[in-house]
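This report covers the pockets of one protein model and the residues that line them.

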Amino acid sequence: MRAVVQRVSSAEVRVAGDVVGSIGPGMLLLLGVHETDTPAIATKVAAKILALRIFEDGDGKMNLALEAVGGAVLCVSQFTLYADVRRGNRPSFAQAANGETAQPLYEHFCAEIQRAGIRCERGIFGADMQVRLENDGPVTVIIDSADLETPRR
C-alpha cells in the first residue's frame with residue numbers, strides 16, 4: 001500500500017462537478033493498493049498515518065498528530081501510485097490491485113481511520129475525480145507499506 005499524505009488547510013474531491021467529499025484542516029491522502037496487500041497491511045498503514053506528527057505545536061515544531069489538532073482526512077483512491085516506468089514511456093500498472101481486490105481494502109483503510117475517531121471523507125472509488133487542495137506548509141510525506149518492514153539504519 002502506498003499513501004501520499006499531504007497536510008492541508010482544506011481539500012475537496014469532485015465527481016462530475018459535484019463535491020463528494022471535503023475537509024478543512026487535516027490530511028489529504030492519495031491511497032494506492034498493491035496486488036498483494038491485505039487488511040492487516042491496510043490497518044498498519046492507517047495506524048502509521050494517524051500517528052504521524054506533522055502538525056505544528058505551539059513552538060512551531062512538527063510535533064502533533066492529526067487527533068491532537070482536531071483534523072480530518074480526505075482519502076482518495078489512486079491506483080497510479082503503483083506506476084512502473086522502468087521501461088518505455090507508458091506506465092505499467094501491473095502491480096496495482098484490480099478494483100475487486102482494491103476497493104474492499106480501500107474501504108477497510110477508511111474504516112480504520114474512522115474507528116480511531118477521525119472524520120474520514122472519501123472520493124468515489126474508480127471514478128474520474130478532480131481533487132482541489134490547499135497545501136499547508138507544504139508538508140508531503142510518502143508512506144510505502146514495504147518500507148514499514150525495513151529496519152532504520
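## Second largest pocket

The lining of the second largest pocket holds three nonpolar, no polar and four charged residues; Asp, Glu, Lys and Arg count as charged, Ala, Val, Leu, Ile, Met, Phe, Trp, Tyr, Cys and Pro as nonpolar, and the others, Gly among them, as polar. The model is predicted: local features need pLDDT of at least 70, side-chain atom pairs count only at pLDDT 80 or more, and totals for chains, interfaces and linings use all residues. Residues are numbered from 1 along each chain as its sequence is written, and side-chain values use heavy atoms, with hydrogens and water left out.

A pocket here is an open set of points on a 1 Å grid over the protein atoms alone where a 1.4 Å probe fits, with protein on both sides within 12 Å along at least five of seven lines; lining residues have an atom within 4 Å of a point. Lys48, Ile142, Ile143, Asp144, Asp147, Leu148 and Arg152 form this lining. Strand 8 gives the largest share, three residues, and helix 4 (145-148) also supplies at least two. The volume is about 160 Å³, taken as the space filled by probe spheres set on the points, which are joined across faces, edges and corners.

## Largest pocket

Of its 20 lining residues, Ser77, Gln78, Phe79, Ala127 and Met129 lie nearest the centre. By class, the lining has 12 nonpolar, seven polar and one charged.

At least two lining residues come from each of strand 3 (26-32), strand 6 (72-77), helix 3 (99-115) and strand 8 (129-144). Strand 3 provides the largest share, three residues. Helices (H or I, at least four residues) and strands (E, at least two) are DSSP runs, numbered from the N terminus.
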